[in-house]
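Student: I would like to learn how to read the strands and helices of a protein model. Could you take me through them step by step?

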Amino acid sequence: MLTVNLMVSSRPRTYSVEAVVVRASDFGEADRLVTLLTPFSGLVRAVARGARKPKSRLGGNVDLLRHVKVSVNEGRSLHSVSQAQSISSLRGLHTGLEKMSTGLYMAELAERFSVEGGSNPALFNQLVKMLQILDSEPLHPLMARWFEMQVLRINGFVPTISQCVDCGAGLEPQGHVFSPERGGIVCPDCRASESDVLLTASLNTVKLLRHMARAQWEAVQPLRPDEDELRQVGRILKEHLQFVLDRNVRSTAFMDEVTRWRSDSD
Ligand SMILES: [Zn+2]
């Protein structure tokens with residue numbers, strides 16, 4: 001993960017911000033090191049001093065997947081969290097292992113598409129919304145898949161799924177495959193010559209992907225895809241995300257940081 005420290009001011013600064021704790025680890029004797037995802041400042045890494053002491057004012061509010069309002073004191077090398085207030089409790093999330101691991105996966109995905117100082121309120125709001133749904137509804141096999149598609153959509157990486165990514169031909173009833181390398185569905189005519197990894201994509205799978213790219217969760221929730229469709233959708237999104245993350249996110253994030261650094265130092 002890219003961590004370029006671009007602080008130009010040495011003056012300590014305190015501000016209050018809405019955040020989700022996307023990463024947390026023990027630090028020193030009684031502290032906790034947290035990574036917060038925020039709407040307008042991207043990732044904020046900070047130490048929550050004394051958070052593991054039984055009587056800490058921060059209490060459980062700096063635990064993983066907490067949706068909180070925090071006061072951050074900017075330090076020269078390390079920021080710190082002085083106060084944390086719960087915004088939504090997300091209690092249901094913390095009671096089931098499967099829900100918790102799904103929530104952690106979503107938080108990690110959002111983190112991987114974020115950088116320090118990078119504003120992305122749409123991504124933040126989508127994560128909060130999905131954690132609240134995960135908290136209040138029964139676990140659904142498409143929850144994580146739909147969130148993956150939203151992360152791709154928000155960041156401009158939705159695969160080409162309404163036509164062949166190579167020749168633009170419309171969808172036929174069968175014979176399509178998905179190419180993570182080419183970034184979309186490939187028709188029977190275009191699949192032959194290439195040596196890239198091609199994933200099976202039935203017509204129902206393609207339709208499901210298209211629906212997930214356009215629809216709100218409320219319109220996806222009633223769907224009950226069969227095992228094959230679930231497996232295909234899962235594999236396609238996983239491989240596509242991996243390709244996008246490997247090829248695009250690091251370099252784009254890096255270029256954004258460099259551009260910001262240049263404008264800051266002008
Ligand atoms: Zn084609």
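Student: How many bridges join strand β1 to strand β4, and do they run parallel or antiparallel?

Tutor: In general, the strands of a sheet pair through backbone hydrogen bonds, and they do this either parallel or antiparallel. In this predicted model, strand β1 (residues 13–27) and strand β4 (residues 67–74) run antiparallel and are joined by eight bridges. As a point to find on the display, look for Val 17, which stands opposite Val 70 in β4.

Student: In what order do the strands of the barrel run?

Tutor: The five strands form a closed barrel in the order β1-β2-β3-β5-β4, with mixed pairing, and from one strand to the next the twist averages 50°.

Student: How do the axes of helix α1 and helix α2 cross?

Tutor: Two packed helices are described by the angle between their axes and by the distance between the axes. Here the axes of α1 (residues 97–112) and α2 (residues 121–136) come within 10 Å and cross at roughly 175°; an angle over 145 degrees counts as roughly antiparallel, and therefore α1 and α2 are roughly antiparallel to each other. Among the residues that meet are Met 106 and Ala 110 in α1 and Leu 127 and Leu 131 in α2. By class, this contact of α1 with α2 has eight nonpolar, three polar and two charged residues.

Conventions: Residues numbered from 1 in each chain as written. Predicted model: local features only at pLDDT ≥ 70, side-chain atom pairs only at ≥ 80, totals over all residues. Heavy atoms only, no water. Axes fitted to C-alpha atoms, helices over the stretch in contact; angles between N-to-C directions. Helix = DSSP H or I, 4+ residues; strand = E, 2+ residues; numbered from the N terminus. Parallel < 35°, antiparallel > 145°, perpendicular 65-115°, else oblique. Contact = heavy atoms within 4.5 Å. Nonpolar A, V, L, I, M, F, W, Y, C, P; charged D, E, K, R; others polar. Pairing = 2+ DSSP bridges.
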